[in-house]
Amino acid sequence: MRSRLGPGPVFVYEWLTATRRWQLYAVRAAFVGVILIGMILVWTSLTRSDRSGQTVSIQEMARYGEAFYSTVVAVELTLVLLAAPAATAGAVCLDKARGTLDHILATDLSNAEIVLGKLGVRLAPVLGLVACVLPITALSGLLGGIDPDALFGSFLVAIGCAALGCSLAMALSVWGRKTHEVLMMTYLILILWLSFPMLVILVALSLGLPFPRFPLPILWEWLLCTNPYYLAFAPYSDPGKVGMMTYLGFLGVCLFFSGLVAGLATLRIRGVALKQAGQPAGGPRRSRSALALPRWRWLPQLPGPSLEDNPVLWREWHRSKPSRFLRLAWLLYAGLGVLWIVLALRIVNSGHRGDDEMIAAMNVFQVAVGLLLVSVSAATSLAEERVRGSLDVLLSTPLSTRTILAGKWWGAFRQVLHILIWPAVTTAFLIAGSGRVIAYLGLLALIAAYGAGITSLGLALATWVSRLGRAVALCVVAYVVFSIGWVVLIFLVSVVGRLAPNDHLILPLIMGSPLYGTLFATLAASLEPLRMPGGGAEVGVGTFLWILIHGGAAAALFAATVASFDRCLGRVSETPGRPVPGSKKKPAAELELEL
């Protein structure tokens, strides 16, 4: 193989292709638009007093600058951690599915040119998003309240997160076979990384350790510095603890691990491609007599659907075994659930006041991560068959459209049942002392309603969007934006409508977000729900309201999917007298001539 100077042919070709897509510039414009909306929200919240015609003081401008910095950094880091894996997860997986990776490996291109070229093309747009924020925040620094060192340090943190997220997704894409599985695994690893300090706090408190005064405080400070959100907000929340050397050290560690995983992918891409050649998508076949992990034969099996009732659902229930990535992702998720159960049991036995909030935080974390995994996989069942062409075989059968979609929906919704296990067990420790069974059932029904809405949304996007990666990305973005953006929207409405923070409408409305809905519904089942606003009655109203809203939205999305399925997939309509999608009705005179 000849050594070349420069980025290499793979980078040049894919960069020319990527820059001609309008989605690159649309995402960049939408990101700047979100930043501007954040500026408006912050300004409205700080200037809502009745002082028309008065000049804003310098102190208020400085407070606005500080609040704007917090908003921009939070949006920037969240978007980078979501966009970096999404942009890179299919870098090698899609080439494997199309068969083009074998053609690339047959050329004289080196492994470094292939891996680093693909990585550079995916990393450049993410860094472009980070660069878009720099002029806005630099101009906002003229208002005051924004520390230049904190501003520059936040950009170093964002660059480190972008490099690590892209490199990790790129390395997993070499071993993975499906984009959504690589994306699920990458998100789960990043979530574990971000939540590791919180896990340490919960474990320390449940074990009765003298937190935050550990035997080695310097270790706790180093542990906090591994969290990018702490580093970004430390100049204001913990002044004097973080300096420029800390930001540079974080960037250096991120670049080191990025280079490590990228180098590992470079060394192993040919060996992995040769090993996976000719194997099914789920991995090598195993003997049924062997002790196989995917079957979980030592666990009781859930009752499956009948073949006569819905063949599609029966196939979804008994389809090919999940891949190693998918099994590992759900195994890590189950490990988190077991950890929460152990900690919740210890917390309940301690009997300390205020421990209910810790169990509620555990439920919020477990449900939020589980629904994120569901949002990644909700659109894949239908979209993968659509890409592979096996959906055409299913459409040629006499099964009705509603039967096909109902089987796909229930096949995707069964993952929500796995999510319900962990909050059901941890909250059961609370109702054992409180006896609030109605609130307990309301919590489970609310989580199921959240999952039903996400499942219907994924199925609808898989029908309306032909590209698998785009459908998955839209479903994930919709879940994250609604979970966080709904709270921001309620805040904006309360500011414009001049509602008090303790208004009776705020709590039921804010429960539309899966984060706050799970939090307040768990607290309603605790021993002391009277500490909540309204004594828990408002939580009951919000739970019932959002069960109906999310359930109704799921039913409406499913009905819209059924109505548009034949037109989007090109299937002959089941309604008598309705023309085939894409065809034109011939006039009566032309029909008479043909007869």
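This is a predicted model: local features need pLDDT of at least 70, side-chain atom pairs count only at pLDDT 80 or more; totals for chains, interfaces and linings use all residues.
When neighbours within four places in sequence are set aside, the contacts of Ala378 are Ala412, Ile454, Thr455, Gly458, Leu459 and Cys475.

Just after α15 comes Gly389, which adopts a positive phi of about 95°.

## Val477 in helix α19

Val477 belongs to helix α19 (residues 468-496). The relative accessible area of Val477 is 45%, so this residue is classed as partly exposed.

## Overall composition

The protein contains 23 helices and zero strands. Of its 595 residues, 45% are buried. Among contacts between residues at least 6 apart in sequence, 81% join residues at least 24 apart.

## Packing of α3 against α6

Two packed helices are described by the angle between their axes and by the distance between those axes. For helix α3 (residues 58-88) and helix α6 (residues 111-140), the angle is about 170° and the axes are 10 Å apart. The pair is therefore roughly antiparallel, since an angle over 145 degrees falls in that class.

On the α3 side, the residues that take part are Phe68, Val72, Glu76, Leu79, Val80, Ala83, Ala84, Ala87 and Thr88. On the α6 side, they are Leu119, Arg122, Val126, Leu129, Val130, Val133, Ile136, Thr137 and Ser140. By residue class, this contact comprises 13 nonpolar, three polar and two charged residues.

Side chains of opposite charge can pair when their charged atoms come close. Three salt bridges are present in the structure. In one of them, Lys118 pairs with Glu14, with 2.6 Å between the closest N and O atoms. This pair connects distant parts of the chain, as Lys118 is in helix α6 and Glu14 is in helix α1 (residues 9-19), 104 residues apart. Both Lys118 and Glu14 are buried.

Glu14 also forms a salt bridge with Arg122, where the closest N and O atoms are 2.3 Å apart. Because Arg122 is in helix α6 and Glu14 is in helix α1, this pair ties together parts of the chain 108 residues apart in sequence. Arg122 is buried, as is Glu14. Lys118 in turn meets Asp95 in a salt bridge with an N to O distance of 2.5 Å. Here Lys118 in helix α6 is linked to Asp95 in helix α4 (residues 93-98), 23 residues away, and both of these residues are buried. Through shared partners, the salt bridges join Glu14, Asp95, Lys118 and Arg122 into one network.

How many disulfides does a search of the whole structure find? The search finds zero. A disulfide is a covalent bond between the sulfur atoms of two cysteines. For Cys254, the closest cysteine sulfur belongs to Cys161 and is 5.6 Å away, which is too far for a bond, because a disulfide requires the two sulfur atoms to be within 2.5 Å. Cys254 counts as buried, given its relative accessibility of 4%.

## Thr186 in helix α8

Is Thr186 buried or exposed? Thr186 has a relative accessible area of 0% and is therefore buried. This residue is part of helix α8 (residues 179-206). Apart from neighbours within four places in sequence, Thr186 is in contact with Pro85, Gly165, Leu168, Ala169 and Leu172.

Key: Residues are numbered from 1 along each chain as its sequence is written. Side-chain values use heavy atoms; hydrogens and water are left out. Axes are lines fitted to C-alpha atoms, for helices over the stretch in contact, and angles run from 0 to 180 degrees between N-to-C directions. Helices (H or I, at least four residues) and strands (E, at least two) are DSSP runs, numbered from the N terminus. Angles under 35 degrees count as roughly parallel, over 145 as roughly antiparallel, 65 to 115 as roughly perpendicular and the rest as oblique. Contact means heavy atoms within 4.5 Å. Ala, Val, Leu, Ile, Met, Phe, Trp, Tyr, Cys and Pro count as nonpolar, Asp, Glu, Lys and Arg as charged, and the others, Gly among them, as polar. Buried means under 20% relative accessible area, exposed over 50%, partly exposed in between (1.4 Å probe, protein chains only). A salt bridge is a side-chain nitrogen of Lys or Arg within 4 Å of a carboxyl oxygen of Asp or Glu.
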